[in-house]
Each structure stands twice: as C-alpha cells, then as structure tokens.
Amino acid sequence: MSEKLDQLNKLYAEIDDLHRAAAILEWDQQAYMPPGGARPRAAQLATLARIAHEQFTSDRMGYLLDSLEKELGDQPYDDDNLSIVRVLRRDYNKAVRLPAAFVSELAEARGLATSAWAQARHANDWAMFEEYLARMVELKHREADYIGFSDRKYDALLDEYEPDMKTTQVAEIFEPLRRELVELVRAISEHADRVDSSALHKEYDPDKQWLLAHEALRTIGYDFHRGRMDRVPHPFCTSFSIHDVRVTNRVIPDFFNSCFFGAMHEGGHALYEQGVDMKYERTALAGGTSLAVHESQSRMWENMVGRSRAFWEFFFPKFRKAFRKNATGLDAEKMFRAVNEVTPSFIRVEADEVTYSLHIMLRFEVENLLMDNKLRVSELPAWWDEAMSSYLGITPPTVAQGALQDVHWSIGLIGYFPTYSLGTIFAAQLFEKAQQVMPDLQEQFARGNFDNLRGWLTENIYCHGRKYTLNELAMRITGEPLQTRSYIKYLKDKYSEIYEL
Ligand code: ZN
C-alpha cells in the first residue's frame, strides 16, 4: 500500500470513530437517556460533529485525495483503494461547502428538536414542536444554499441520501406509480371482506412479542453476537461497526404487527450492515451505499419475505406456540392473509405494502412545499390532514397520528422520505431477479431456509459496502437501471390473488 493511501486510511479511520461515537450517543438518546440529558447531549453531539467535520474538510484530506486520484487513476473502477478515494471525494466535495460552525449549529438543533419532538408526540401537542421544526427547516434552507443546486433546492438535500437522484426524476417515478396504486387500492376496497385481520388486533403479551421478534431476527440470520435489540419510540437500525449493528423496536400491546414486522424491517437493514466485507471496517466503504438501497433490504425482508405465504408456512407454529389463545381459529394461510390486509391507515410505519408509497408521496410533496417556501410550518398539520383525506380518504384523529408521527424532521432528515419508496421499488426488481436465479426460493422459505437469499444478497450487495451506487448495483445485478415494472407486477400479482380481483 502506498504511503499516502496509508495516511488517508488512518485519517479517515479516526473520523469514522467520531461518527460512530456520535451514533452511540444518538442511540442512547433514543433508547435510554432521561429527558434531563437533552441539553448536555446536544452539546456533546455538536462537539463531535464539529471535530469530525473539521478533520474531514482539512487541507490534509484534500491534499491526500488529490495525490491519490493521480496515483490510482489507472486502476480498474472496482478496485478497493480507488473506490475508497472515489467515495471520499464525493463526500468531501459536499462537506467542504458546509462551514464547521454551521455543522455544529445543525447538530445542536437536532439534539434539541429530537427531544422536543418526543415530548410533543407524547403530549399530542404540535405547538411544543413547531418552533424547533421551523428552526430545522430554516437550517435546511441554508444547507441547500451552501451545497448548491441547479434546478430545485430540494435536489441538494435529496442528493445527501441518494447520490445523483434529482427531484424531477423522483416525481417522474412517483406520478405514474401513484395512479397505479390509487387504482389498486380502489379495486381492493371493493373486495375488502376477503381478508380478516381482527386476530392481529388483540392483546398480545409485550414480553412474548419481544421474544418472538428475537426469534424472527434469528430466523433471517441476524447475528446477535454482533448486535442487540432495544426499545425506542420510533424503531431504527444503527451501526457502530461491522461488528456491532444494533436494531431498535417498539411494542404495541394490542396490535401484533408493529413489533414483529418492525423487527423484520430493522433486521433487513442490519443484515446489510452486518454483511459488509470485514476488510472495509473503519474505511469509507463500510456501511450501506445509499438510503434507497438500504430500504430495499429492510422492505424486502419485511414484506417480500416476512409477508409471504411460504414464510408463514414455516413460522406459524412458532406464533401459535407463543400466543396459543390468539392463534385459535387461525392457520398459516389465514395468518398470511391477515398480515397482508390492505387498508388506508394513519401511521406510515404500520401501512401495508400497497398504501405505503402514498404516505411517502405525501411527505415528498410537503417537504417540497417547505423548501419552495410555499407552506409555513404552522400550516403543516392542517395541510397534512387535508392531504391524507385526498390521498387515502381518511383524516387523522390526533396530530400524533398525523404530522407529528415521524422522528425524521426533528433530526433534520428532509429529502430522506423518497428513498423509502425508491428502495421498495428496487426491492421488487432485486427479488424478481433472485427468484429467477433461485426458482425454488419460496419452497426454501417454507422449510425455514433463508440462508440462500441472504447469501445471494450478501454476494451481490452487502459485501460491497459503499462501492457501487443504486443504479450501478441495478445494472450489475439485473442488467437494467431502476424501474417500476417489477414493483407494479409484484403488487398486482400478490394482491389480485389475495383479494380475488
Ligand atoms: Zn427502514
């Protein structure tokens, strides 16, 4: 290894340490920290963010990247070292546009807004959160101005989560998809009696739910030697190292889906992070490549696996053992149908596969209004209720079930939501390919074998870490760029069968 490469990797490893330490503080803030810790924690996070940013945007980093681009220029595209330099260059060019003082200001605002959001949501009181969100929106405007954009201000924010994706491209994908989804939801609503999900809305002992969620994670191959699950108000997955990838989850005592599918979803994210090649530890290639590719994995494991008939053929006996009373009158087939009920609902993370993307399109729309200065934060809850009524035909009874439900805006994640749907679309494209390569995949699931799917995903996606972008992966694996054809076909095939359309 060249001397400069060695220096670059050493410098980056320390920056990575700072980011991972901040991730531990953020995880603790959600999972264990008492409310009184909010201010000092925000200051601690701001300090770490500032030091990491100063080191990352240092002249030394710029010099090393310049030198290594010359030195490694004739290496093949997928060369590890060249890929490290390429990925760092992309991050560096964006980071140098943000002043260190701004980064620390943003980190502190995030810390305060997250705590305010949690309290506001608990109290079902928008006013408690409003000023924090207004401040966050103002900071995101400034961030977009620092980063720069040629067309839409939103482009600058979107690019942070999905490199090279543009607002207009997302709109072009969403618009025709919206028409297909609305039509499918309408057709399903006329056959709503084909599915009975009442068994899922009973009292489910929280401790037993928690144990069954662990069982689900073990089933899909989550490595508890390199992870654990803790309770939080809003589930997420976070990685402190390839050797320590945490999932978080919540339990709703009278609804089965939340904890179980929360575990499958975050478990999908975690399989990706745990599957990165160990040789990338503490390098710029450690971790998932983009939010949409990450979400393709969480939603594939949650829905294409966890909500498949074959999965429940295997898993139903475990469910029956845990909840003998609730399982009375149920079987694998009824359970499969129940967990696939399609019905307009208020909470995005509990939405079914068909209505889910409509929740995302609503958020994409409102974020664009905020970034185009066409909507004030104070007007947001009323706008939200109206949009829910036009998208899904329902109006949230409380603001906690409406505009206050997601943690994202409080931590500054504006431009992030579209990646959920882009990921879902990619998941279907990948899953179609996986089934072509392994035609007996469903039989494998029914026998409780998920290793081959995980192995195929590890080999094609997980092991590469951040080396390839979404479209590069799509081309390498499926031979075509991101497309909605597979997703629409997947939904129509599955739900036409379940709802006898
Ligand atoms: Zn997710």
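The donor residues of the zinc ion follow the spacing H-x3-H-x25-E in sequence. Histidine 265 sits in helix 10 and glutamate 295 in helix 11, so this pair ties together parts that are 30 residues apart in sequence. The model is predicted.

**Zinc site**
- Three residues coordinate the zinc ion: His265 through NE2, His269 through NE2 and Glu295 through OE.
- Histidine 265 and glutamate 295 are both buried.
- An α-helix has 3.6 residues a turn, so residues three or four places apart point the same way.

**Helix 11**
- Helix 11 covers residues 291–305.
- From first C-alpha to last, this 15-residue helix reaches 20 Å. That is close to the 21 Å expected at 1.5 Å a residue.
- Helix 11 bends at arginine 299, by about 35 degrees.
- Of its 15 residues, 14 are buried, so helix 11 is largely enclosed by the rest of the structure.

**Glutamine 274**
- Glutamine 274 belongs to helix 10, which spans residues 257–274.
- Its relative accessibility is 6%. Glutamine 274 counts as buried because buried means under 20%.
- A polar atom of the glutamine 274 side chain lies 2.9 Å from the backbone nitrogen of aspartate 223.
- The glutamine 274 side chain also reaches the backbone oxygen of arginine 226, at 3.1 Å.

**Loop residues with positive phi**
- Aspartate 164 has a phi near 75 degrees, a positive value in a residue other than glycine.
- Aspartate 164 lies in the loop between helix 7 (153–161) and helix 8 (167–189).
- With a relative accessible area of 55%, aspartate 164 is exposed.
- Asparagine 373 is not a glycine, yet its phi is positive, at about 60 degrees.
- Asparagine 373 is placed in the loop between helix 14 (353–371) and helix 15 (380–392).
- Asparagine 373 has 61% relative accessibility. This residue counts as exposed because exposed means over 50%.

How values were computed. Residues are numbered from 1 along each chain as its sequence is written. This is a predicted model: local features need pLDDT of at least 70, side-chain atom pairs count only at pLDDT 80 or more; totals for chains, interfaces and linings use all residues. Side-chain values use heavy atoms; hydrogens and water are left out. Helices (H or I, at least four residues) and strands (E, at least two) are DSSP runs, numbered from the N terminus. Buried means under 20% relative accessible area, exposed over 50%, partly exposed in between (1.4 Å probe, protein chains only). A polar contact is a pair of N or O atoms within 3.5 Å; within protein, one must be able to donate a hydrogen and the other to accept it, and residues adjacent in sequence count only if both atoms are side-chain atoms. Donors are N, O and S atoms within 2.8 Å of the metal (3.2 Å for Na, K and Ca); water is not among the atoms, so sites may look incomplete. The expected span of a helix is 1.5 Å times one less than its number of residues. The bend at a residue is the angle between axes fitted to the seven residues ending there and the seven starting there.
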